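Here are my notes on this one, point by point. Have the model open while you read them.

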Amino acid sequence: MTSRVGKLIRTIRAPRSFCSSQSGFRAVFLGAPGVGKGTFASRIGPHYNVPILSTGDMIRSEIRQKSEIGLQVKAISERGDLVPDEIVTAMAKAQTEKSLDGWILDGFPRTITQAEALQTFAPPNLVINLNLPEDILLEKIISRRVCKSCGENYNLADINRSGIVMGPLLPKKDGFCDKCDGELIQRSDDTEDVVRNRLTIYNEQTVPLINFYQNIGKLLDFQIKTGVKDLQRLIDSIDSARAS
Ligand SMILES: [Zn+2]
């Protein structure tokens, strides 16, 4: 670790906790971009009464506050480089230390180095891997439409194959938002090339993590079949994994 990074990490203040031991529901969510990870996490969190800790949100918040760490991270990402493991790990550590009764981590760990570090300060008791076949994921993402004015989401894909049934989410009037009549557009990063590239990077990063958690017996593989309607089935799977 360079002294510069070390100095930055010391600026991320963790609260002085009376006890560093962790209890309660501690879950990591894995899942490709577009799989609905945020949607599931935002419902699972309240169900188990734990906060969702997103390292992406933490980083954006540091950048907004123009903190020393925020400015440094901004410069790193503007160069197109990845934020170093040490910085993201320090942020995750500070957040988990504030939530001793449990948490859901979204976006962390992303690398084996991060996963090994997490084991030392807040080992998760469950790692939920949300699965959807890649061709279906791709079709879902390139069929997304978003309202240019209010940001409402729609989806044109009508999927019914391989046991997976996901209907479209269509506007009443073709090409226009139900809420505000704004124009519906495709996000510029929702094209097939960009999505394929994103998925390749995700797979390269995540397959080793899946193996890591499989090997220590913490992995729960969950097949998505109908989207958000799978929520109760997911809760049932989590409960039986925790009981075993
Ligand atoms: Zn709208």
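1. UniProt, in an unreviewed entry, puts the feature "domain: Adenylate kinase active site lid" at residues 144-189. Its positions follow the numbering used here, feature names are shortened, and annotations may be inferred rather than shown by experiment. The end C-alpha atoms of that span sit 11 Å apart, and the span is 0% helix and 33% strand. Helices (H or I, at least four residues) and strands (E, at least two) are DSSP runs, numbered from the N terminus.

2. Before going further, keep in mind that this is a predicted model: local features need pLDDT of at least 70, side-chain atom pairs count only at pLDDT 80 or more, and totals for chains, interfaces and linings use all residues. Residues are numbered from 1 along each chain as its sequence is written.

3. Overall fold: the chain has nine helices and 10 strands. Its radius of gyration is 19 Å, close to the 18 Å from the globule rule for 244 residues, so the chain is as compact as a globular protein of that length. (That radius is taken over C-alpha atoms, and the rule is 2.2 Å times the number of residues to the power 0.38.) Along its principal axes, the C-alpha trace spans about 55 × 45 × 30 Å.

4. How much of the chain is buried? Buried residues make up 26% of the 244. Here buried needs 20 or more other C-beta atoms within 10 Å of a residue's own, exposed means 12 or fewer, and partly exposed is in between, with C-beta atoms placed from the backbone. Of the contacts with a separation of 6 or more, 74% join residues 24 or more positions apart; a contact means C-beta atoms, placed from the backbone, within 7 Å.

5. The largest nonpolar core has 39 residues, and F29, A92, I104, L105 and I128 touch the most other members. Helix α5 (residues 85-98) gives the most to this core, with five residues. A core of this kind is a set of buried Ala, Val, Leu, Ile, Met, Phe, Trp, Tyr and Cys residues joined through C-beta atoms within 7 Å. Leaving aside neighbours within four places in sequence, I104 is in contact with A27, F29, A41, I44, G45, V50, I52 and L53.

6. L220 belongs to strand β10 (residues 219-223). Buried or partly exposed? L220 is partly exposed, because 18 other C-beta atoms lie within 10 Å. Beyond four places in sequence, the contacts of L220 include I128, N129 and S237. The C-alpha atoms of L220 and L30 are 9.9 Å apart, across 190 residues of chain.

7. Helices α3 and α4 have axes that come within 7 Å and cross at roughly 110°. The contact is made by I59, E62 and I63 of α3 with I69, G70, V73 and K74 of α4. Axes are lines fitted to C-alpha atoms, for helices over the stretch in contact, and angles run from 0 to 180 degrees between N-to-C directions.

8. Some backbone geometry to look at. Most residues other than glycine have a negative phi, and most peptide bonds are trans. K66, in the loop between α3 (55-64) and α4 (68-78), has phi near 50°, and K66 counts as exposed because it has 9 C-beta neighbours inside 10 Å. S162, between β7 (159-161) and β8 (164-166), also has phi near 50°. The F108 to P109 peptide bond is cis, with omega near -5°, and P109 lies in the loop between β3 (102-106) and α6 (112-121).

Notes: Contact = placed C-beta atoms within 7 Å.
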